[in-house]
Amino acid sequence: MSRLLPFFGFLLLVALFGFGIWWNTQHDQREVPSPLINKPAPAFVLPKLDDPAQTVSRDALLGKPYLINVFASWCIACGEEHPVLMSQGKSIGVPVIGYNYKDAPDDAKDWLAKHGNPYDMIIVDREGRTAIDFGVYGAPESFLVDGKGVIRYKRIGPLTPEAIEKELKPAIAALAKESP
């Protein structure tokens with residue numbers, strides 16, 4: 001019997017591997033539910049990219065909804081998303097706050113100078129500590145935060161024209177209906 005244990009261990013590993021492949025084909029990895037949806041955005045105080053002596057806090061942004069877009073100069077998918085933000089960012093109906101993630105500020109400035117700046121403001125999380133509180137997996141990600149500071153929508157991966165029209169704009173419209 002003890003000689004069969006390695007064989008049964010091998011069969012167990014094959015079964016787990018097969019289950020993992022099946023699971024990944026059945027579930028969109030971008031649809032990871034966020035435990036922060038309908039919960040207050042984490043408190044933060046982060047410097048501005050263009051003036052690190054100035055900081056922006058979650059509390060300073062209260063009053064109007066906004067979209068936080070996590071990006072970095074090293075992020076390949078951010079390069080795919082960026083033209084979409086350049087063409088549609090100003091038309092979505094809320095300010096777009098750039099959240100520069102684990103990036104050297106000079107690299108981010110150079111990247112934006114080359115590709116354009118779609119953001120109303122850019123904050124910097126060089127170490128990525130605040131991103132942990134937001135549950136950021138990597139760049140790009142986007143969070144729609146209402147005027148009370150509550151996260152109402154999260155997108156993992158690049159914003160696309162389809163995602164903006166079918167997901168983000170309806171979420172923004174729902175916020176407008178909630179406001180008195």
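Because it is a prediction, local features need pLDDT of at least 70 and side-chain atom pairs count only at pLDDT 80 or more, while totals for chains, interfaces and linings use all residues. Residues are numbered from 1 along each chain as its sequence is written, and side-chain values use heavy atoms, with hydrogens and water left out.

The sheet is open and has 5 strands, in the order β5-β4-β3-β6-β7, with mixed pairing. Strands here are DSSP runs of E at least two residues long, helices are runs of H or I of at least four, and both are numbered from the N terminus. Two strands are taken to pair if DSSP finds at least two bridges between them. The edges go to β5 (121-125) and β7, each of which pairs on one side only.

On one side, 5 bridges join β6 to strand β3 (residues 66-71), and the two run antiparallel. Within that pairing, I68 has F143 as its bridge partner, and N69 stands opposite S142. Another 5 bridges connect β6 to strand β7 (residues 151-156), again antiparallel, with S142 facing R155 of β7. β6 and β7 make a hairpin with 5 residues between them, and G149 in the turn has a positive phi of about 90°.

How many of the residues of β6 are buried? The count is 5 of 5, so to speak a mostly covered strand, where buried means under 20% relative accessible area, exposed means over 50% and partly exposed lies in between (1.4 Å probe, protein chains only). In a regular strand the side chains alternate between the two faces of the sheet. In β6, E141, F143 and V145 point one way and S142 and L144 the other, and all are buried.

Aromatic rings come next. Rings of Phe, Tyr and Trp (its six-membered ring) are paired if their centres lie within 6.5 Å, and planes under 30 degrees apart count as stacked, over 60 as edge-to-face and the rest as tilted. By this rule there are 6 aromatic pairs. F71 and W111 have ring centres 6.0 Å apart and planes at 25°, so this pair is stacked. Since F71 sits in strand β3 and W111 in helix α3 (residues 105-115), the pair ties together parts that are 40 residues apart in sequence. F71 counts as buried at 1% relative accessibility, and W111 does too, at 12%. Elsewhere, ring pairs link F44, Y99, F134 and F143 into a cluster.

The axes of helix α2 (residues 76-88) and α3 come within 11 Å and cross at roughly 55°. α2 and α3 are therefore oblique to each other; angles under 35 degrees would be roughly parallel, over 145 roughly antiparallel and 65 to 115 roughly perpendicular, with the rest called oblique. The crossing is right-handed, a label used if the near helix is turned clockwise from the far one by less than a right angle, anticlockwise being left-handed. C78, G79, H82 and M86 of α2 make the contact with W111, L112 and H115 of α3, contact meaning heavy atoms within 4.5 Å. H82, in helix α2, is buried with a relative accessible area of 4%. Leaving out residues up to four places away in sequence, H82 touches W111, L112, H115, G116 and P118.

Finally, the backbone. Most residues other than glycine have a negative phi, and most peptide bonds are trans. The bond from A139 to P140 is cis, with omega near -5°, and P140 is found in the loop between α4 (129-134) and β6. N38, in the loop between α1 (5-26) and β1 (45-47), is not a glycine but has a positive phi, near 65°. K102 is not a glycine either, and its phi is positive at about 45°. K102 lies in the loop between β4 (96-101) and α3 and counts as partly exposed, at 43% relative accessibility.

Conventions. Axes are lines fitted to C-alpha atoms, for helices over the stretch in contact, and angles run from 0 to 180 degrees between N-to-C directions.
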